[in-house]
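Trainee: I would like to learn how to read a protein model step by step. Could you take me through some features, giving the general idea before the case at hand?

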Amino acid sequence: MTAPAIPLDVAAAEAHLMNFLSVEGITGQEANIAAAVIAALKAAGVPESAIRFDDANKRIPLPTQTGNLIVQLPGTRPGPRLLFSTHLDTVPLCAGVKPRREGDRIVSDGTTALGGDARTGVAALVVVAETVLKNNLPHPPITLLFTVREESGLHGARELNPAELGGVEMCVNIDGQLASELIVGAVGQENWEVEITGRASHAGVAPEKGISATMVGAVGLVEARNAGWFGKVSKPEGNGTSNVGIFGGRDGKAAGDATNVVTDYAFIKGEARSPNAAFATEIARGYEAAFGRAKASVVDHEGQGAEVRFSHVTAYPPFELGQDTPIVERATRALKALGIEPNYLFSNGGLDANWLDKHGIPTVTIGAGQAEIHTIKEYVNLAEYEKGCRLAILLATLDA
Ligand SMILES: [Zn+2]
């Protein structure tokens, strides 16, 4: 197969990327980057009437400047409506970013992250709209979705009402590293926390009258580890991972405040992940049972134990697409047309695709050059960005 001619204006695509990277828009503060995207889309010929915000931000339990940005492009030929998505926000480490080009990369000045996650996706979506409009490329109906607050918990995608997207049947999400990598599934995550209320007592005079919340927590964690629930979890009934993220006291302070007082309060917070939602819950329950055993074993001189309040909540559901799913087949066909062998990946972290899939929109995630994300060493690989843009344009214009 000869490579299809894709009329990508590389200089324009890089200019969009540089422009969007230079606009600060950390998670929850997406108004300025949304305005920059709208300006670019209008300049590319998208009518203002095709561009709007939803009201997802009203349902997000954290302050969020705008809703998700949604753009509807009518098709020039029939076909299932395609969704292209990415997220507008960057991690807080990107605040104050000053992007600059260094050879075939774009980098930060070394004091902030860059925000190629996911401004490469933002730029690629604008490039798709601009390229199909400027070159009159035949395409089915297309919806563009720029979500908010992805980095702080996939909130925009979670609170999205799929009915707002104009009847999309499948989605290409651009939020990955390499064009060859198709993310076709991801784990789900369960968050858990435990509050342990013991009893204070003078640690030198009457330690037996105290109930150490710190010790209940410590024993509980050891119990959980000994039962196989910590770190990599592999059991006959499922696989997953778990971690203890925070072990402290009230309001982000340390647990306890003096060496001579038996600690009366401790707070522990962690997570569990699995390709199977029920098993992620099972891991959380493993911790719950472990803290229950700890409560029974750490008691005062009268046999009384601490009060242990354990809770867990689903952060996002897992998903996995088969290789015969229409969107995976479409992505595979597009990659092969570009002479790139697809590498199918299952992600150990959640992404907007988890919620889009939950909303009934099968979603494959592709990459467009972001690298070393969430660190001050973050950069954009421009060769991969260009490949990602070509792939996205091809996905938008391939025959059904
Ligand atoms: Zn991202």
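The dialogue below goes from the whole chain to strands, rings and helices.

Trainee: Before we look at details, how many helices and strands does the protein chain have?

Mentor: Please keep in mind that this is a predicted model. The secondary structure of the protein chain comes to 10 helices and 18 strands, and the C-alpha trace spans about 85 × 45 × 40 Å along its principal axes. Of the 400 residues, 53% count as buried, and among contacts between residues at least 6 apart in sequence, 80% join residues at least 24 apart.

Trainee: Which strand is joined to β16, and do the two run parallel or antiparallel?

Mentor: Strand β7, residues 168-176, is joined to β16 by five bridges, and the two run parallel. As one example of this pairing, Ile174 has Ile366 in β16 as its bridge partner.

Trainee: What is the order of the strands in the open sheet of five strands?

Mentor: The order is β10-β11-β12-β9-β13, with antiparallel pairing. At the edges stand β10 (231-235) and β13 (307-316), each with a single partner strand, so one side of each is left without a neighbour in the sheet. From one strand to the next, the twist averages 25 degrees. Looking inside the sheet, you will find that seven bridges join β11, residues 238-248, to β12, residues 265-274, and that Ser242 stands opposite Ala272 in β12.

Trainee: How do I describe aromatic rings, and how many aromatic pairs does the count come to?

Mentor: A pair of aromatic rings is described by the distance of the centres and the angle of the planes. The count here comes to five aromatic pairs. One of them, Trp192 with Phe310, is stacked, at 5.9 Å centre to centre and with 15 degrees between the planes. Trp192 lies in strand β9 (residues 188-197) and Phe310 in strand β13, so the pair ties together parts that are 118 residues apart in sequence. Both Trp192 and Phe310 are buried. Another pair, Trp229 with Phe279, is tilted, at 6.2 Å centre to centre and with 45 degrees between the planes. Ring pairs also link Trp192, Tyr287, Phe291 and Phe310 into a cluster.

Trainee: Over which ring does the charged end of Arg105 sit?

Mentor: The charged end of Arg105 sits over the ring of Tyr379, 3.6 Å from its centre, and the charged end of Arg250 sits over the ring of Tyr265, 4.1 Å from its centre.

Trainee: Finally, how do I read two helices together, and at what angle do the axes of α1 and α10 cross?

Mentor: Two packed helices are described by the angle between their axes and the distance between the axes. The axes of α1 (residues 10-21) and α10 (residues 382-397) come within 11 Å and cross at roughly 110 degrees, which means that α1 is roughly perpendicular to α10. Where they meet, Val10, Ala13, Glu14 and Leu17 in α1 contact Leu382, Tyr385, Glu386, Cys389 and Arg390 in α10.

Note on methods. Residues are numbered from 1 along each chain as its sequence is written. This is a predicted model: local features need pLDDT of at least 70, side-chain atom pairs count only at pLDDT 80 or more; totals for chains, interfaces and linings use all residues. Side-chain values use heavy atoms; hydrogens and water are left out. Two strands pair if DSSP finds at least two bridges between them. Helices (H or I, at least four residues) and strands (E, at least two) are DSSP runs, numbered from the N terminus. Axes are lines fitted to C-alpha atoms, for helices over the stretch in contact, and angles run from 0 to 180 degrees between N-to-C directions. Rings of Phe, Tyr and Trp (its six-membered ring) pair if their centres lie within 6.5 Å; planes under 30 degrees apart count as stacked, over 60 as edge-to-face and the rest as tilted. Buried means under 20% relative accessible area, exposed over 50%, partly exposed in between (1.4 Å probe, protein chains only). A charge sits over a ring if NZ of Lys or CZ of Arg is within 6 Å of the ring centre and within 35 degrees of the ring normal. Angles under 35 degrees count as roughly parallel, over 145 as roughly antiparallel, 65 to 115 as roughly perpendicular and the rest as oblique. Contact means heavy atoms within 4.5 Å.
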